[in-house]
Amino acid sequence: QVQLVESGGGLVQAGGSLRLSCAASESITSVNAMGWYRQAPGKQRELVATMTTTGNTNYVDSVKGRFTISRDDAKNEVYLQMNSLKPEDTAVYYCNAQRRILWTVANYWGQGTQVTVTV
């Protein structure tokens, strides 16, 4: 069981930046992918960005060019640098770890961190 703890959320004006961090309880090289998801009020949780252990990244179109996912394997941490924030980025952001076990995929989630972007 991978435990994940997010930090770095907060209140920021539109156009500003925030950096989210996710600390894992074990080596993140032991999972297949790490990522960030978000859930706005009344909406479904959506993928924001993911990164595999080989460094392949994937972003939702709405954040491409503004958000960057990165990882520090030595610290077992994953980051999401968010620039040029928009009010529509307001959501609870969740850290995710995926581990393939034979033919199944186990998902682990953090508790979430609130990001609020004001106009």
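**View 1. Pairing of Ala33 with strand β9.** Ala33 has Gln98 as its bridge partner in β9. In this predicted model, local features need pLDDT of at least 70 and side-chain atom pairs count only at pLDDT 80 or more, whereas totals for chains, interfaces and linings use all residues. Residues are numbered from 1 along each chain as its sequence is written, and side-chain values use heavy atoms, with hydrogens and water left out. Strands β4 (residues 33–39) and β9 (residues 91–101) run antiparallel and are joined by 7 bridges. Strands are DSSP runs (E, at least two residues) numbered from the N terminus, and two of them pair if DSSP finds at least two bridges between them.

View 2. Arg38 lies in β4 and counts as buried because its relative accessibility is 6% (buried: under 20% relative accessible area, 1.4 Å probe, protein chains only). Its side chain makes polar contacts with the side chains of Ser62 at 3.3 Å and Tyr93 at 2.9 Å. A polar contact is a pair of N or O atoms within 3.5 Å; within protein, one must be able to donate a hydrogen and the other to accept it, and residues adjacent in sequence count only if both atoms are side-chain atoms. Beyond four places in sequence, Arg38 touches residues including Phe67, Asp89 and Val92 (contact: heavy atoms within 4.5 Å).

**View 3. Further partners of β9.** Tyr93 stands opposite Thr113 in β11; β9 and β11 (residues 113–118) pair in the antiparallel sense over 3 bridges. Strand β10 (residues 104–109) is also antiparallel to β9, with 6 bridges, and Thr104 is the bridge partner of Ile101. The β9–β10 hairpin has 2 residues between the strands, and Leu102 takes a positive phi near 55° there.

Methods: Helix = DSSP H or I, 4+ residues; strand = E, 2+ residues; numbered from the N terminus. Buried < 20%, exposed > 50% of the residue type's maximum accessible area, 1.4 Å probe, protein only.
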